[in-house]
Amino acid sequence: MTMPNTTLTPTRDGSVRRFWQLYRKEWREHFSQLNAYIVIAVFLAIVGYSFTTVLFFQRSVTVVHAVSQAANLMILIIPLLTMRQFSTERENGMLELLFSCGCTELELFAAKFLALVTLITVMILGCLSFPIALALLGQPDFGLVASSYFGLWLMSGALLALGLC
């Protein structure tokens with residue numbers, strides 16, 4: 001029984017396969033290091049503290065303050081996530097290896113972008129406990145909550161694209 005070829009091979013029709021292999025490589029790099037978990041934990045702790053403070057001290061049943069705090073944190077966190085994406089590849093010699101295997105710059109950029117969007121999505125999904133807590137305490141406007149989280153996700157994606165350029 002032969003094992004399937006999972007290496008990056010320069011084929012004409014394998015660009016989608018190469019993209020998903022690059023994405024898995026980038027995703028593993030993010031989630032195999034402690035840095036991603038520290039960033040997620042710090043983000044959730046700061047946003048959770050902000051949400052709890054507004055909820056209990058101001059007696060306001062809203063998630064808008066927590067989402068705006070998360071947006072401000074994203075402005076600070078996203079450069080930390082994006083600034084070493086290509087420089088470490090270049091230092092390790094991996095960039096030349098990937099290009100010699102037939103990977104294009106677009107495939108590499110898209111894989112790095114999608115891996116970072118996955119990381120940001122995990123961070124934002126961690127904040128979904130706040131609307132659930134609000135639903136237990138009152139009647140929040142779930143349209144406003146959903147649009148706030150979607151806007152935060154879109155803003156984060158735009159910041160990621162700017163950071164990777």
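Mentor: What follows looks at the pocket and then at one pair of helices. This is a predicted model, in which local features need pLDDT of at least 70 and side-chain atom pairs count only at pLDDT 80 or more, while totals for chains, interfaces and linings use all residues. Residues are numbered from 1 along each chain as its sequence is written, and side-chain values use heavy atoms, with hydrogens and water left out.

The largest pocket has a volume of about 590 Å³, a volume being the space filled by probe spheres set on grid points joined across faces, edges and corners. A pocket here is an open set of points on a 1 Å grid over the protein atoms alone, where a 1.4 Å probe fits, with protein on both sides within 12 Å along at least five of seven lines, and lining residues have an atom within 4 Å of a point. Of the 23 residues that line the largest pocket, His30, Gln33, Asn35, Leu81 and Gln85 lie nearest its centre. At least two lining residues come from each of α1 (15-31), α2 (34-57), α3 (64-82), α4 (85-92) and α6 (105-126), helices being DSSP runs of H or I with at least four residues, numbered from the N terminus. The largest share, six residues, is supplied by α2.

Turning to the helix pair, the axes of α1 and α6 come within 8 Å and cross at roughly 45°, where axes are lines fitted to C-alpha atoms over the stretch in contact and angles run from 0 to 180 degrees between N-to-C directions.
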